[in-house]
There are 4 protein chains.
Amino acid sequence: MTIVHNPPRPDIDVLRAAHAEYIVSDLDRARAFYVDLLGLVETERVGERLYLRGLEEREHHSLVLRQGPEGGGASHIAFRVAAPDDLERLARLAQRDGLPQRWVEGEEEGQGRALRLQDPSGLPLEFYHEMAPVPRMLQEYHRHKPVQIMRLDHFNCQVPDVTHATAWYQQALGFRCSEYTVKETATGEELWAAWLARKQTVHDLALMNGVGPRLHHVGFWLPDALAVLRACDVLAAAGYYQCIERGPGRHGLSNALFLYVRDPDGNRVELYANDYLTADPDAAPIRWEVDDPRRATFWGAYAPPSWFDEAMRVSSIDGDGVMPVRDPVLRDRPEHVT
Amino acid sequence: MTIVHNPPRPDIDVLRAAHAEYIVSDLDRARAFYVDLLGLVETERVGERLYLRGLEEREHHSLVLRQGPEGGGASHIAFRVAAPDDLERLARLAQRDGLPQRWVEGEEEGQGRALRLQDPSGLPLEFYHEMAPVPRMLQEYHRHKPVQIMRLDHFNCQVPDVTHATAWYQQALGFRCSEYTVKETATGEELWAAWLARKQTVHDLALMNGVGPRLHHVGFWLPDALAVLRACDVLAAAGYYQCIERGPGRHGLSNALFLYVRDPDGNRVELYANDYLTADPDAAPIRWEVDDPRRATFWGAYAPPSWFDEAMRVSSIDGDGVMPVRDPVLRDRPEHVT
Amino acid sequence: MTIVHNPPRPDIDVLRAAHAEYIVSDLDRARAFYVDLLGLVETERVGERLYLRGLEEREHHSLVLRQGPEGGGASHIAFRVAAPDDLERLARLAQRDGLPQRWVEGEEEGQGRALRLQDPSGLPLEFYHEMAPVPRMLQEYHRHKPVQIMRLDHFNCQVPDVTHATAWYQQALGFRCSEYTVKETATGEELWAAWLARKQTVHDLALMNGVGPRLHHVGFWLPDALAVLRACDVLAAAGYYQCIERGPGRHGLSNALFLYVRDPDGNRVELYANDYLTADPDAAPIRWEVDDPRRATFWGAYAPPSWFDEAMRVSSIDGDGVMPVRDPVLRDRPEHVT
Amino acid sequence: MTIVHNPPRPDIDVLRAAHAEYIVSDLDRARAFYVDLLGLVETERVGERLYLRGLEEREHHSLVLRQGPEGGGASHIAFRVAAPDDLERLARLAQRDGLPQRWVEGEEEGQGRALRLQDPSGLPLEFYHEMAPVPRMLQEYHRHKPVQIMRLDHFNCQVPDVTHATAWYQQALGFRCSEYTVKETATGEELWAAWLARKQTVHDLALMNGVGPRLHHVGFWLPDALAVLRACDVLAAAGYYQCIERGPGRHGLSNALFLYVRDPDGNRVELYANDYLTADPDAAPIRWEVDDPRRATFWGAYAPPSWFDEAMRVSSIDGDGVMPVRDPVLRDRPEHVT
């Protein structure tokens, strides 16, 4: 098992997790969930896509809802890069590593030329630099809903081989590891999950051992714990209590106050507050054992089985075929699931 | 100076502070302030009156906005009594004490027969028992605005002679005193202000030394300090920052986290959280000296002069003539104004 | 089934739920839990008893921890009455109803003469009027712990026959019903649980259908939801995560933000915020169906079986024999347990 | 006036604002203020210095209190760099720019070799790479005080020529500008103040027009607004209400919920929450006009004169002589002071 501590500055400069595209079966119903209840800001609706963003975000979108024949699943997750040249370097990297890739342009409103590729686990990634600026709603408090989603924070993915997947993000793209989970075995320890970051938060991307490639959730950041509780109240009052899957609780790993909700198509989002800043790239990653009861939920509660077993299928970057999944390398479920 | 400690149970059973009627010059503008920004619930608009209530309230209205030729001022403040008979007993009390009185019926939507009288200081009081029930919005969280006003809590009035006024509320109506402020003088101590309650909170009615009779503010109760801060954000974002007169701060007296705002006609409301329960009628009133810097603002900040000097003129109960005011008996302004 | 709506003012004036005595096997360990972690204020320790109170309380104690040979269980729950004469009237009531009773004096520090009786379900009640005043810690913020327990709020008891028990509290002692739960049956509806109040909160006493007489929990009131979350963090950080039994969540019934914790002897307390004021004695009780999923937890989560099955055994008032329990009249467990 | 938008990656990699050293006249008294009340963690006390840190910090210290003959003032502010080589490059930069410099080693506990230099305005800067790791207290919730200071966030300095000073930090050290304030004049606009960042928050360093070089305050980050309010309560309860200089309020610029407090020697710290992440280096700086009333305090309140006029004198890096100050280039005080 290898966690690279403080990887060298790569020649490709990925800035941050930026947006995801979810497939929904009914755009109006999804809009009611994400805009009317959770308070995401609607930038615009064009054709089969609805473009949403958080209150402090200044770019066109961080969540795209796309009408599909069947709801559920994610077509891609996107990272922003520092400069157009980074896209060219990414194309060469994909070629070097034998990864499927495709340039897209004009497919998403507001976004410039972008590169899509299938990462070594099969996750559909998009990289872009240009995105249309939009007004920041942070101080438009009179237009806020009670739940205040500030910004997209991270992606959490299930992959069959976390060790292999983590190595690629660290070595090829310079992701730092903030925290990680291991399983002790007779022959040493195996990497169960890794929290990887480019921006200075706990993570942009978490990789968890599991049936994959699948997107487990997109995490959105809220300003405080009370905003997370308001999400529970608002969803329940509107009749969506069954959408509350897990939480509120506190993760030991990341220290986040969390809530997991499922949209009407079963897509999962995490509402997330109270993590910490990671401004020192050389800070030692924090190590947790997978069966430490406080790692998953600091307060000791168990996650429901659905949280462990269910995740969003992802698309292949050529057309929208769904990527096949494989069983994970590590087969035991942790006593307290992640 | 006399504070009656634990007055005997009176034969008139006043339950609580219940509603006030403010005069505004533009109902639409006032509605935007109280409903769209502060989040009060609109029960209905009938003629020149708009009826509003808080989220946990189950009666037709706790704030009435009435269109007047000139905005500013309050026509009356109202208390609910336990039974219709209490109204008859109040009429006899008013007669005994030589107070102007008038029965009203059908003047306010949703309210049964009511008695109005001018208290010994000249404050226009209304007493009623019957009020139409309306749905409680407490758990309709998906319809809440960011500022969550739960219920009307209290009235705060300026009167020229606090000692005299307090004695009447204690002796005639059985108000308990929870806290009070004195000014030490060469000859003893004088009562500067008194916090009086019938329901089990810190107060239903505060009486402060000052030019009066005037209504200083109506206090509304919010569930926590963050809701008070959101009121600041919402008002400022909507361009109403000049309506924020004082706070946020904490009162030493009552322990309340407070914010004072002025509506577009200059009427004042307090947004108020974090006071305490007063379930023991025989608890000793808490005594403060008027110049204790932590009494008015526990954190030590000064109130602006407007907070001390300005208050709402009140109406006479026969027609809407404005009650004349007198100068207070105690003339010195406290170093840290109340 | 009978819920008395707005019972007449009784000749016995019970003010409020006041204190409970828990039996613990190790006073030092219990002190660490209640004082060092949960932040209750220690008034004094005398002999085998430790006297605790909340931050806004002005009486000697609201929770007594008593060293016993075996930990777990409650010796009595206590209500304060308005005057010494109420105790005499209670003694006559107990005689009328054939309830065991005993006068106690000098047994609890700070407390005057008190009457203990076994209520019709067998619950050990204490009634008292006199209690030594102590300094209020509400504004001693520099001495607060992160968890801020303000005051004892209520008792929740399991009794075999809720209908019978409720009728006694309403008719003999004038408790108002704020909310209640029914089970619809072929022949009508049966009372599953009732929330009964003397002070102006949602309740002083909840009676739930179950094996009894048992004390399910004592509820303490906290100022806001964040204080409840801090309790989770503090308990977990200190290694007590297994003491967190249920929550944080929101009750539909009462609207409370709740957390249930078990002390090291298994005694249960609820940390509780965000309920509402009940200042109108004639407000209609709110009715819930026992299988409404939002009644127990508004956000839809299930309570663990221990919460339903386990409760504290209570003592008989003569000596400390443990009261025998009976099975409840209503036998089905609700789908979403209370 | 020149704000460099998205400066090129410099060859010197400054990571973040890291610590400051304040001079106090009584270490025990200062410890009571910062540790007992504000809840900073004491790492150790060695000789005349007390080393403190925030709850989420993993390095030896972020605030040093040093006993001096007279209290008040700051000996230096320190930035962490990414690698030891950055220190060598800084030494060459100082030589190029004719800035006084001095290597220090062993002067501060826990810190490796460091370079001190006087910046072009005369501010005493320290740069270091190595600092001893210490346990993070973030999840030691049972040891937290009510006020939870998470980490040092930024320095705010007054300098006589903001335009000149800003250019140096942008061009020599690659600081990005997140927000800035201008004064419109007949001949264009002048830079009044600039918020500059290396880490991904709103700022590591704010430069304000004023008598300088002086350190106006060190800003510490708190997890939410309630923690800031608790600081008010704790300070006031302990008798330090006069230490609360300004706030709580919200800055328009940065969106921060702020509180300014003065320690017993008059040194100023800001308690600060609710700013936002700045993960896109090319995001356009946000422009404010100096007389926009919502810039300084979004809610419209005025800052007290002391906040504008008073700041901490700073030391020269050779010995501890106090740096002389100069009047600012821009002389008008803003209507609403920054």
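**View 1. Arg66(B) and its salt bridge inside chain B.** Arg66(B) is buried, at a relative accessible area of 10% (buried means under 20% relative accessible area, exposed over 50%, and partly exposed in between, with a 1.4 Å probe and protein chains only). Its side chain meets that of Glu21(B) in a salt bridge of 2.8 Å, N to O (a side-chain nitrogen of Lys or Arg within 4 Å of a carboxyl oxygen of Asp or Glu). This pair links distant parts of the chain, with Arg66(B) in strand β4 (residues 63-67) and Glu21(B) in strand β1 (residues 14-24), 45 residues apart. Strands here are DSSP runs (E, at least two residues) and helices are too (H or I, at least four), numbered from the N terminus. Glu21(B) is buried as well, with 1% relative accessibility.

Before the next view, a word on the model and its numbering. This is a predicted model, in which local features need pLDDT of at least 70 and side-chain atom pairs count only at pLDDT 80 or more, while totals for chains, interfaces and linings use all residues. Residues are numbered from 1 along each chain as its sequence is written, chains are lettered from A and ligands numbered from 1 in the order in which they are written, and side-chain values use heavy atoms, with hydrogens and water left out.

**View 2. A salt bridge between chains B and C.** Here Asp280(C) pairs with Arg80(B), and their closest N and O atoms are 3.0 Å apart. The pair crosses between chains: Asp280(C) lies in the loop between β16 (268-273) and β17 (286-289) of chain C, and Arg80(B) in strand β5 (residues 74-81) of chain B. Asp280(C) counts as buried at 16% relative accessibility, and Arg80(B) does so at 5%. The same surface serves both, as 100% of the contact residues of chain B recur in chain C (contact means heavy atoms within 4.5 Å).

**View 3. The interface of chains D and A.** In this view, 35 residues of chain D are in contact with 35 residues of chain A. About 3,000 Å² is buried between the two chains, with carbon and sulfur atoms giving 46% of it (buried area is the accessible area, with a 1.4 Å probe, that two parts lose on being put together, summed over both). Six salt bridges are counted between chain D and chain A, including the one in which the side chains of Arg80(D) and Asp280(A) meet at 3.0 Å, N to O.

**View 4. Ile286(D) and its neighbours.** Ile286(D) sits in strand β17 (residues 286-289) of chain D and is buried, with a relative accessible area of 15%. Leaving aside neighbours within four places in sequence, its contacts include Arg58(A) and Arg136(A) from chain A, and Ser178(D) and Tyr276(D) from chain D. Thr181(D) is 105 residues away from Ile286(D) in sequence, and 8.6 Å away in space, C-alpha to C-alpha.

**View 5. Strand β12 of chain A.** Five of the five residues of strand β12 (residues 205-209) are buried. Leu205(A), Leu207(A) and Asn209(A) point one way from the strand, and Ala206(A) and Met208(A) the other way. Strand β9 (residues 151-159) pairs with β12(A) in the parallel sense over five bridges (two strands pair if DSSP finds at least two bridges between them), and Cys157(A) is the bridge partner of Leu207(A). Strand β11 (residues 188-197) runs antiparallel to β12(A), joined by four bridges, with Ala193(A) opposite Met208(A).

**View 6. His217(A) and its polar contacts.** His217(A) belongs to strand β13 (residues 214-221) of chain A and is buried, with a relative accessible area of 1%. Its side chain makes a polar contact of 2.9 Å with that of His216(A) and another of 3.0 Å with that of Glu270(A). A polar contact is a pair of N or O atoms within 3.5 Å; within protein, one must be able to donate a hydrogen and the other to accept it, and residues adjacent in sequence count only if both atoms are side-chain atoms.
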